[in-house]
Every structure is written in structure tokens, then in C-alpha cells.
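Please keep the sequence and the structure in view while reading.

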Amino acid sequence: MNVKNIKTICCIGAGYVGGPTMAVIADNCPHINVNVVDVNEERIQLWNCKDLSKLPIFEPGLSDIVGRVRGRNLFFSTDIESSIKNADMVFISVNTPTKIKGIGAGKASDISWVEECTRQVAKYSVGETIVVEKSTIPVKTAEAVKSILSSSDSEKGSSFSVLSNPEFLAEGTAINDLQNPDRILIGGEHSSSIEALKNIYLNWVNQDKIISTNLWSSELSKLTANAFLAQRISSINSISALCEVTGANIDEVKRAIGLDKRIGDKFLNAGPGFGGSCFKKDILNLTYLCEHFGLPVVSNYWEHVISMNDWQNYRIYKMVIDKLFGNVSKKKIVILGFSFKANTNDTRESPAISICKNLLNEGAFLSIHDPQVNRIQVTSDLGDIGEENNSNWSFSNDLEDIFDNADAIVVLTEWDIYKKIDWNSVNLKLRKPAWLFDTRKIINPEKINNCDLNFWQVGLGNNIL
Ligand code: UDX
Ligand code: UDX
């Protein structure tokens, strides 16, 4: 078996996955040159920005690594052609959103960017190239990738081998997840290519954590992992609703079940529903595949994970309205957190978006805060519901001056700074009767003991008192 020694990598897609993943590879493999390319010039400029606080992605620990390796063996550019030409291995890390039109619209993943990149690899690559699917894609995508690549082999004597190497990093903890992964999964058909990729990871990952499978198991494992994780959140959220009406406490239930090793204590936090670019998209993709392969019962089973998530989000919005006497028109509501989880500036599928839109639709004025998201992103996410000149909402990265005369506060993201708020001083600024809704259960009730505030927490049975 002749295992290729990888000296140069090209990664197409400088997004939330491609950027951090390549930074960690470059950091751990000083002997490999890593070129990250993207069609988005503005994004590449930000990756190359001298001021590391301006990187296009906020991820704890990322700027330190980029500061260390950029210009050494990590490079960002828009020169896709020469990066592919020079590469021994090409990672495809472009986005694979849900299709918005045509067959499978609203469910199937749109793999047109993956296909487009594959064509570029077929066109520009020289010699033997290993193509690695990093993007999350439908099972059997490698079939299409192989077919496109093989149609170009004969013309210029280039040859290809396709691997599936899904990324399991979670945003907000990406660097730690990449540095200390639970496992590395490599699916492929040629053991020499699998070994070549494995050798890269062996620079920092223990070999028992690197597993290889066939291509289809690897592609399906990524969808399945996300489906199981999302299912857990829908399960705990469904129980949070039951806690609220029975007098049980979700934290106590969580602890009691989490101590069972078969269940485990991770990923059991009730909240406003899962967001992020992956869970919904990947479950929809899974349900589409099940339908396609004639398994409608399996498809319906997974679809319920999404319905439960939508319902949790809706019931929180409805509860806010109910508590405020069924009317929020002209009332000021402070929204704490707009990103889909803490420690990221990503708002894709954030539960805050639909909750804010619904509240705006009821005529509320929203004072939105997030420490990392920017106003441009919020404007784009709220779309047409935001009035001209944002007269029905305001945005700030700062907690000062956002609470004045507010009727309610809704905590939607579990940022650490919200755990440290001095509620006694905030309380003085509110218009009474005022409400504090904690949808992430991060506020210690003792901290509001001395406030004349109405308090609601997700999954807390005392809410019925
Ligand atoms: C990743 C995965 O690749 C996706 O399959 C998974 O489901 C979610 O995570 P992510 O890195 O989060 O995607 O996406 P994004 O931040 O949108 O980055 C993708 C990048 O690819 C963008 O910067 C985009 O400009 C770039 N791109 C897209 C190209 O360079 N070429 C293309 O043809 C298409
Ligand atoms: C997820 C997977 O965790 C990761 O392995 C995969 O590669 C990409 O998709 P990500 O979406 O970045 O990662 O974040 P994750 O931590 O999984 O959170 C997803 C959503 O679930 C967030 O909205 C989060 O707030 C929510 N969540 C998570 C809960 O509501 N409760 C929990 O206990 C955990």
C-alpha cells in the first residue's frame, strides 16, 4: 500500500467549519501547507485582517491560533484554481442548505455548491488528489462526487480518491472539539487514502479515536448523530412543559435521569428550542432520504423532533403574551441573546429570530442585546417585520441603558454575562408590573429575591403558583 505523504491541503469554504478546522490542522501540522479558499472576497479579507478581533467567525481560542499560524502554513485566499492545482488533498467544506425549490424543496439538502466545487477540483487538479467531503451531505453524495471526478481523469491523467470525513464540532467549543475530538470518522474505499488522512490527524489525535468505515456509513453517521442530539433536546423540552404544569422541576428530573449511565447527563438542558445551521437541516435531509427509500414511518418519526422544537418555540412566545395580559402592543420587551447558543456570533435558525418576529408582529417594541452578533445580522434576520429605521426595535452590544421602562425581559441565549446581571439595579429601571422570563434556566432565583419582579423559568413547576 503506497500511502501518499500530504504536503499541501486546499480547503474550499472558509466558513464556520472550514476556517476553524483548517486552523487547527495547520497548528498541529507545521509541515503541511494549508490553503483555505472561498468565493466570498469579503470573508477572505476578514480572515486576513491584521486585527484578529475582526475575524469573520467568533470562536473562543480561534484568534490565538490564527495569530500563530497565519502566514506560516495557513493561508486564506480567493485563488481557488492555483490552490487546487497545488493540493495533494482537497477538503470540500461549503454550505449545503435545505433546497428551496424543485424536487425535495423544504427537506432535501441542496448539494449544488458541493457539485460546483467538485467540478472545479476535476478541472484544476494535477496528478493524484484525495477529495474529502467535510460538508454534511445526503447519503450517497460521494457517488455523485466520484462520477464527476471520474469523468475528467482520462483527459489529463489526474486521478482521485473520495473520502467522507464529517466534522462533529459544535460552535462555541469548536477549537476544543477539534483539538480533543471524541472520534474522527473516515469513510472511504481505498485504504491508502484513508491512511493518508489518518496520518494528518495522528499528529494530535490518539489512534484509538480514529475510526474508518465505508463511505455510506460515514455520511449517514453524521446525519444520525445530529438527529440523536436534536431528539434529546426535543425530549427534554417536551418534559419541561410537563414539569411546568405538574409542579416538577426540570433540573431535578434532569439530574435524576442523567445519573443513569445509559442516559448520561449531557445535552439535557431545556430551552427555547434548538437552532444552528445543522440540526433542522440534517433531520429534514434524513426524513427526505427515508421517504425516498420508501420508509415513510421512519421519516414521520424523525419529523416529530422538529415539530416538538417548533412547538417549544411557539409556546414560549405565547406564554410571554399571556403573562403580559394578552397584549404587548407598544410594550417594551428586552431580548437578552440573539445567537442560537452562547459563545458564537452565529444566528442561523436561532430561536430568537422567530420569537422576536412573533413579538414584533404583536406590536411590541424590542430592545435586543447580544454581545457578539451585530446589528446588520439582526436587521437581515428580522427582515420585513422590522419597521423602517428600526422604529419597532433597537439593538445593542452593551447592557447599559437597554432596560429603561421595559415591561419584560426575555433571556434567550445562555451567555455568561447574563448570569452576572445585578437584578436589583435592573429592577429599578423597569415599568411595573414587570416580568423576567428565563428560557434557558440560567438565572439563580436567589439573585432576584429582593426584586418585585414576576419570574418565569422554563421547566419550573413553581411557575403555576
Ligand atoms: C458547514 C458544512 O459545510 C455544512 O455542510 C454543514 O451542514 C454546516 O456547516 P459552514 O461552514 O457552517 O457549513 O457554512 P458557511 O459558514 O456558510 O461556510 C461555507 C463557505 O463556503 C462560505 O464562506 C461560502 O462563501 C463558501 N463557498 C460556498 C465557496 O467558497 N464556494 C462555493 O461554491 C460555495
Ligand atoms: C451541532 C452538533 O452538536 C455538532 O456535533 C455538529 O457538528 C453540528 O451541529 P451546533 O449546532 O454548533 O453543533 O451546537 P450545539 O451545541 O449542538 O447546539 C445546537 C442547539 O441546541 C443550540 O441552539 C443549543 O442552544 C441547543 N441545545 C443544546 C439545547 O437547547 N440544550 C442542550 O442541552 C444542548
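A polar contact is a pair of N or O atoms within 3.5 Å; within protein, one atom must be able to donate a hydrogen and the other to accept it, and residues adjacent in sequence count only if both atoms are side-chain atoms. The model is predicted, with local features requiring pLDDT of at least 70 and side-chain atom pairs counted only at pLDDT 80 or more, while totals for chains, interfaces and linings use all residues. Residues are numbered from 1 along each chain as its sequence is written, chains are lettered from A and ligands numbered from 1 in the order in which they are written, and side-chain values use heavy atoms, without hydrogens or water.

**Ligand 1**

- Around ligand 1 there are 20 residues, of which Asp38, Arg43, Thr96, Thr136 and Lys281 come nearest; a residue is near a molecule if one of its heavy atoms lies within 4 Å of it.
- A backbone N or O atom of Val94 is 2.9 Å from an oxygen atom of ligand 1.

**Ligand 2**

- Ligand 2 has 19 residues around it, and Phe168, Glu171, Asn269, Lys341 and Arg440 come nearest.
- The backbone of Phe340 places a polar atom 2.9 Å from an oxygen atom of ligand 2.

**Second largest pocket**

- The second largest pocket holds about 280 Å³ of space; a pocket is an open set of points on a 1 Å grid over the protein atoms alone, where a 1.4 Å probe fits, with protein on both sides within 12 Å along at least five of seven lines.
- Its lining (residues with an atom within 4 Å of a point) comprises 15 residues, with Pro138, Val139, Tyr288, Leu289 and His292 nearest the centre.
- Helices H6 (141-156) and H11 (279-292) each supply at least two lining residues, and H11 gives the most, with 4; helices are DSSP runs (H or I, at least four residues) numbered from the N terminus.

**Ser367**

- Ser367 belongs to strand S10 (residues 365-369), a strand being a DSSP run of E with at least two residues.
- Ser367 counts as buried because its relative accessibility is 3%, the cut-off being under 20% relative accessible area (1.4 Å probe, protein chains only).
- A polar side-chain atom of Ser367 lies 3.2 Å from the backbone oxygen of Ile402.

Terms used:
Grid points are joined across faces, edges and corners, and a volume is the space filled by probe spheres set on the points. Buried means under 20% relative accessible area, exposed over 50%, partly exposed in between (1.4 Å probe, protein chains only).
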